[in-house]
Amino acid sequence: MKKLFLLPLAAAALVVAGCSGEKPGVPTPALTAPSSAPQSQASSSAPTTGGADTASIDPCSLLAQADLTSYGTFKAPEKDEAGGARVCRFARERASASDESLTVSVGIRDSQGLDSVSDAGNGKTSGNVNGRKAVLVPTPPEACVMALEVSGSARVDVVSVSTDPEKACGIAEKVADTVEPKLPKA
């Protein structure tokens with residue numbers, strides 16, 4: 001796992017160190033306008049290989065509860081559609097209200113490429129994950145997005161939302177290392 005974004009991440013951590021009041025639910029970063037393309041409900045146990053078609057990929061096939069054990073115990077994944085993405089969301093179980101919350105999600109954007117990733121106010125950093133083009137976007141006050149290119153017009157977003165904002169981008173980076181090998185090659 002490469003740490004490609006350490007310097008920008010450290011700067012972003014200083015900027016996002018302030019927290020807002022906790023609200024129930026899971027915030028979803030608004031990176032782009034919702035897509036008007038129809039969303040496929042097809043699911044598959046493994047992503048396609050050899051092509052950049054994302055329509056047949058089930059977002060829950062890209063990440064499992066077992067992949068997140070180093071961050072705690074997570075509830076069963078929930079599927080959703082949010083902001084033009086088909087999403088698989090994992091929420092960490094909390095023993096008490098004072099425990100740090102953490103939600104990790106994988107969102108497939110079938111008709112939005114890296115060029116449509118918006119700056120959420122703290123800049124965006126281009127780089128790569130395992131050789132794949134990627135963009136890291138801190139989304140204050142509690143989230144971070146690692147967008148992975150699948151094609152010029154499709155991407156997969158790994159989103160980490162934590163009550164500890166300094167950890168959000170580090171977790172998104174590490175989870176992206178797990179997700180990337182499961183994506184189709186362009």
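Modeller: Before we start, a residue is called buried when its relative accessible area is under 20%, exposed when that area is over 50%, and partly exposed in between, using a 1.4 Å probe and protein chains only. This is a predicted model, in which local features need pLDDT of at least 70 and side-chain atom pairs count only at pLDDT 80 or more, whereas totals for chains, interfaces and linings use all residues. Residues are numbered from 1 along each chain as its sequence is written, and side-chain values use heavy atoms, with hydrogens and water left out.

Biologist: What makes the pair of Arg 89 and Asp 80 a salt bridge?

Modeller: A salt bridge needs a side-chain nitrogen of Lys or Arg within 4 Å of a carboxyl oxygen of Asp or Glu, and the closest N and O atoms of Arg 89 and Asp 80 are 3.3 Å apart, so the pair qualifies. Asp 80, at 36% relative accessibility, counts as partly exposed.

Biologist: How do you know that Asp 67 and Lys 182 form a salt bridge, and what parts does the pair tie together?

Modeller: Their side chains meet at 3.4 Å, N to O, which is within the 4 Å limit, so this too is a salt bridge. Asp 67 lies in the loop between helix H1 (6-15) and strand S1 (78-82), and Lys 182 in the segment after H2, so the pair ties together parts that are 115 residues apart in sequence. Asp 67, at 29%, is partly exposed, and Lys 182, at 27%, is partly exposed as well.

Biologist: What makes a set of residues a nonpolar core, and which residues have the most contacts inside the largest one?

Modeller: Such a core is a set of buried Ala, Val, Leu, Ile, Met, Phe, Trp, Tyr and Cys residues joined through side-chain atoms within 4.5 Å. The largest has 30 residues, and Met 146, Leu 148, Val 175 and Val 179 have the most contacts inside it. Its largest share, 7 residues, comes from H2.

Methods: Helices (H or I, at least four residues) and strands (E, at least two) are DSSP runs, numbered from the N terminus.
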